[in-house]
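Here is a short report on how one protein chain is put together. Start with the view below, then read on.

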Amino acid sequence: MTSTDHDIKVLNTLIETTIDSAEGYGEAAKDAGNTRYAASFQQRAAERRQLALRLQQQVSSLGGKPEDDGSVLAKAHRMFVELRSKMSSKDDTAIVDEVERGEDHIKAKYEHALEDNDVTAGTRSLINEAYVTVKSGHDQMRDLKHALHGSTH
């Protein structure tokens, strides 16, 4: 496998996860009762879609076929979440808990990619830039979750 092939594989994994995140935020925005939370979720969804687009452009520039869909696992998870929300009305705390769990997942995926010593410098730089936004989203949701649960850690 060439370094270009490896970069494409790593980037496509991140694209899939980032699309999942954007769709998760979109669902959370629809379910949120608090308009401030809904607006925040919409903003993060748009930001993640832009991030996925940047990663897709990099895959194209490397000569690869960019991932353009989320993961099968995420689709199954969204179906479960939709079913659960139809069966019971979720409150904003439960929605934030769910979003924060997704943020833990995407943050870990990006951290794993940053630890990959086989990606090229250009790809690592892009992943690092993307990670800044991912970490910001993660930290915002973590802080919101703690505030809603009344804890400071």
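## The α4 and α5 crossing

α4 passes α5 in a left-handed crossing (left-handed: the near helix is turned anticlockwise from the far one by less than a right angle). The contact of α4 with α5 holds 13 nonpolar, 5 polar and 10 charged residues. Asp, Glu, Lys and Arg count as charged; Ala, Val, Leu, Ile, Met, Phe, Trp, Tyr, Cys and Pro as nonpolar; the others, Gly among them, as polar.

The axes of α4 (residues 92-114) and α5 (residues 121-149) come within 8 Å and cross at roughly 155 degrees. Axes are lines fitted to C-alpha atoms over the stretch in contact, with angles from 0 to 180 degrees between N-to-C directions. The two helices are therefore roughly antiparallel (over 145 degrees).

## Basis of the model

This is a predicted model: local features need pLDDT of at least 70, side-chain atom pairs count only at pLDDT 80 or more, and totals for chains, interfaces and linings use all residues. Residues are numbered from 1 along each chain as its sequence is written, and side-chain values use heavy atoms, without hydrogens and water.

## Chain layout

The protein chain has 5 helices and 0 strands. Helices are DSSP runs (H or I) of at least four residues, strands (E) of at least two, numbered from the N terminus. Of the 153 residues, 41% are buried (under 20% relative accessible area, 1.4 Å probe, protein chains only).

## One aromatic pair

The whole structure holds 1 aromatic pair (ring centres within 6.5 Å). Tyr-25 and Phe-41 form this pair, 6.0 Å centre to centre, tilted at 40 degrees between the planes (stacked is under 30, edge-to-face over 60, tilted the rest). Tyr-25 lies in α1 and Phe-41 in α2, so the pair ties together parts 16 residues apart in sequence. Tyr-25 is buried at 2% relative accessible area, and Phe-41 is buried at 1%.

Definitions and conventions: Parallel < 35°, antiparallel > 145°, perpendicular 65-115°, else oblique. Buried < 20%, exposed > 50% of the residue type's maximum accessible area, 1.4 Å probe, protein only.
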